[in-house]
Amino acid sequence: MSTAALAVEPAVSTPLLELRGISKEFPGVKALDDVSFAVFPGEVHMLLGENGAGKSSLMKVLCGAYRADAGEFYYKGEPVAINSAADAQKLGIAVIFQEFSLVPHLDIAQNIFLGREPKGRIPGTIDRSKILADARRVLGMIGFEIDPSTVVDKLGVAQQQMVEIAKAISQNARILVMDEPTAALSDRETELLFALIARLKADGVSIVYISHRMAEVFALGDRITVLRDGRRIDGVRPADVTPDQLVRMMVGRNVDMTYPRNFADKPGEVLLEVKGLSASTGISDINIEVRRGEIVGLCGLVGSGRSEVARAIFGADPVTSGEIVFDGKTISGEPDLAARRGIALIPESRKSEGLALLRSVGDNLVVSALRKLFPSGLFDQRRAQRTADGLIRQLRIATPGARQTVGLLSGGNQQKVVIGKWLAAGSKLFIFDEPTRGIDIGAKAEIFALIDRLVAEGAAALMISSEQVEICHVCDRAYVMREGRIAGHLARNELTEENIVRLGMHHA
Amino acid sequence: MTDISKEAVAPPRSFLSQDAIQLFYRLLAALLICAVLAVLSDSFLSLGNILNVLRQASLTFFIASGLTLVVLTAGLDLSVGANVALSACIAGTVIHKTGSPALGILTGLACGGIVGLLNGIMVTALRIPSFIATYGMLWVLNGLTYWYMAGETLHGFPAGFRQIGSGYLFGLPIPVYLLLVFLGIGTLFAQRTIWGQEIYAIGANPVAARLSGIPVARRLLLVYAVSGTMAGLASIIFLSRLNSAEADIGESLTLPAIAAVLIGGTSLFGGVGTVFGTFIGALILTLVLNGMNLLSVSANWQPLVTGIIVILAVWLDVKTRRRAQ
């Protein structure tokens, strides 16, 4: 394995940080198995692998959150130990997690220097002018122009990420580990982030970058390390591989990235008709039609009102005007009414909106079907268990059993549980809001195969996605949103990434 | 496609078995306290004393059982004690004025239920955090009761009515029968109905529960109404047992009820706990106080001991659950 690593080492011979033979075991699971990994100064090192491949574990070993069971660390060639977060920080390793660790009610400067505030003249006070000046200097270093006294609460995701990076830089971080940093960013914000990464690279900062997006891997990466089942599969340069080869390394077999669909020749009857819908959340005059057997895309930039449309149809946000006709009847009211009529919402954030993370897989699978499974109102644990077991088999949810806590499953399997609860409820219209966010490629294909099967059996799907490729591959047709309104409709033969982008762009 | 699903997963565990373990520990603790008291005090194991413990535990349990459902939804009802006082005073007045215990009982239950419903409306329609809504309600109810009673004491009720709190049937106090009945109903409701399941789901994640099609607001209304009605029931038992009612009888009831819920293993964060646990919590609380009385320990120490038990019980829960995670 070490020979493969040598083959792609850059000209600088001594890595900034090198890990050799790292292993980490949990009861019943070998999270990391003899993984070697080197980061050179000023490089972007892409870390690839499906969920559960060991990326998170490796990241946690790097930042001192986990202690490796075996293996050695070398910093600039010298043996070192990383046993705690403090050790990692001393070596200049900083991690930008997907869930930010900022304090929402404090301002940017306070967040950057949290716990390291410059002391004022009176003991116990903070030197306000110095903290602001220091913050301005750090923000200037990463080219982020903003008033450091802005409260973090008021910032968008992209700006909060900038603050996290500024915080890391202020701690003299030389190795920045970023976990799917673009997952919640718009295209424009992603560009800004890439520009910042280039700037950090030029300053000699190394970046370990975890991603599920193939385009990023090739756009940014100097080197790529692929993990699978806790093992390091290979280390390659982007120039030497194709996306298909990388996917094969990740999943250990060929995966068709085109998500084949059985497009119906003629769609069924109209299931959902939205007429002139407006809601207090900023969407107005929305007209949408979804027929049985169709997967209809809902695209547009992040913030264009896609999720708001989904929530308004489901009754989660109050509608101010317009009409929703479902299965021939005008509907209104709370989500429980929509759910009972056969509408399912698979929300964008499955952890906070889709699942009760501390409850079991089984509890989560039957929660929407209680009324249907137990019309008498009496709950029967064995019947619930049987239903859950059936769904686990049908959806191939990887869990030791229905009693497993759902929060312990991987992202893809959690998403299957969210979908599963609506299968149990017998829903007819499935509204998917970013169904593949944070899910690895193999599980994505499974989710799409599942959606295809659902509509083939007479259901209908409305799918929101920021992945235009996915919309183009999977949808029968799509609506594109812009600034809270439907900007246009694309039929199957017009459905291209260019058309989606063209319709979704802001025209100044 | 099957091998995609081969992902690292930890060994199976569930809250069901975890709940069972927590209950087992609690039963063990209750038995341990019994054993210690049996050794230290000759009179502890007498039938009279044991029945007395059960009867005292029953009053705490009635209030705490309804409260358990509220806490399962990650809410809190601080108005239960004040609710008992108002309901008892109104029920007592009705019995005095009409001479009909049945009418009095219905009034007491209705008064408790209406107060609970008002709590529910504040929490759902007005979106006031339950802690604050019911804390405000506590003061409102106290104010109403003091104004209504104007320092008077209601005293002397029909013998038949007094049987509810102090009578015996086949050698067991009637409140003990009621305790068993409501323990059964409470457990069945929480574990064996879809409403119970929905309450657990709401407590575990209210946003996900709403987006899963659970009528969250209606269930919360129900839960607060049940909590209030159980306070109404407790007021009847109280009235019938003491044969009198004053405005201040509720003041010493709320905190022990919360203690019983917490000692019983119901999490203030919602979604975790059982009605049976609350019963054992009420039992442990009563046993300790009873033991202190038998051993002639000054009553001044009782709050201190209660506090220590609550902290200990919750700490052990947190510790064992964290290890299970």
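Mentor: Let us begin with chain B, where residues 24 or more positions apart account for 78% of the contacts with a separation of 6 or more. Two residues are in contact if their C-beta atoms, placed from the backbone, lie within 7 Å. This is a predicted model, in which local features need pLDDT of at least 70 and side-chain atom pairs count only at pLDDT 80 or more, while totals for chains, interfaces and linings use all residues. Residues are numbered from 1 along each chain as its sequence is written, and chains are lettered from A and ligands numbered from 1 in the order in which they are written.

Trainee: What radius of gyration does chain B have, and what would a compact globule have?

Mentor: The radius of gyration is taken over C-alpha atoms, and the globule rule is 2.2 Å times the number of residues to the power 0.38. For 325 residues the rule gives a value near 20 Å, and chain B has 21 Å, which agrees. The C-alpha trace of chain B spans about 75 × 55 × 35 Å along its principal axes.

Trainee: How many of the residues of chain B count as buried?

Mentor: A residue is buried if 20 or more other C-beta atoms lie within 10 Å of its own, exposed if 12 or fewer, and partly exposed in between, with C-beta atoms placed from the backbone. In chain B, 50% of the 325 residues count as buried.

Trainee: How many helices and strands does chain B have?

Mentor: Helices (H or I, at least four residues) and strands (E, at least two) are DSSP runs, numbered from the N terminus. Chain B has 13 helices and four strands. Consider helix α12(B): 16 of its 20 residues are buried, so α12(B) is largely enclosed by the rest of the structure.

Trainee: What span should α12(B) have?

Mentor: The expected span of a helix is 1.5 Å times one less than its number of residues. For the 20 residues of α12(B) this gives 28 Å, and its end C-alpha atoms are 28 Å apart, which agrees. Just after α12(B), S296(B) takes a positive phi of about 55°.

Trainee: At what angle do α7(B) and α12(B) pack?

Mentor: Axes are lines fitted to C-alpha atoms, for helices over the stretch in contact, and angles run from 0 to 180 degrees between N-to-C directions. Helix α7 (residues 174-192) and helix α12 (residues 275-294) of chain B pack at about 145°, and their axes are 8 Å apart. On the side of α7(B) the contact is made by L183(B), G186(B), T187(B) and A190(B), and on the side of α12(B) by V275(B), F276(B) and F279(B). Ala, Val, Leu, Ile, Met, Phe, Trp, Tyr, Cys and Pro count as nonpolar, Asp, Glu, Lys and Arg as charged, and the others, Gly among them, as polar. By class, this contact has five nonpolar, two polar and no charged residues.

Trainee: In chain A, what is the order of the strands in the open sheet of six?

Mentor: Strands of a sheet pair through backbone hydrogen bonds, either parallel or antiparallel. Two strands are said to pair if DSSP finds at least two bridges between them. The order in chain A is β6-β7-β8-β3-β9-β10, with mixed pairing. Strands β6 (93-96) and β10 (231-236) of chain A are the edges, each pairing on one side only. From one strand to the next, the twist averages 20°. Five bridges join β9 (residues 223-228) of chain A to β10(A) in the antiparallel sense, and R228(A) stands opposite R231(A) in β10(A).

Trainee: Which strands does helix α6 of chain A lie across?

Mentor: Helix α6 (residues 157-170) of chain A lies across β6 and β7 (175-179), running at about 170° to β6(A). Helix α7 (residues 187-202) of chain A lies across β3 (44-48), β7 and β8 (206-210), at about 145° to β8(A).

Trainee: What pairing does the open sheet of four strands in chain A have?

Mentor: Its pairing is antiparallel, in the order β12-β11-β14-β15. Strand β11 (residues 270-279) of chain A is joined to β12(A) by five bridges, and the partner of L272(A) in β12(A) is V290(A). Six residues lie between the strands of the hairpin of β11(A) and β12(A), where G282(A) has a positive phi near 105°.

Trainee: Is D34(A) buried, exposed or partly exposed?

Mentor: D34(A) is partly exposed, with 15 other C-beta atoms within 10 Å. Although D34(A) is not a glycine, its phi is positive, at about 55°.
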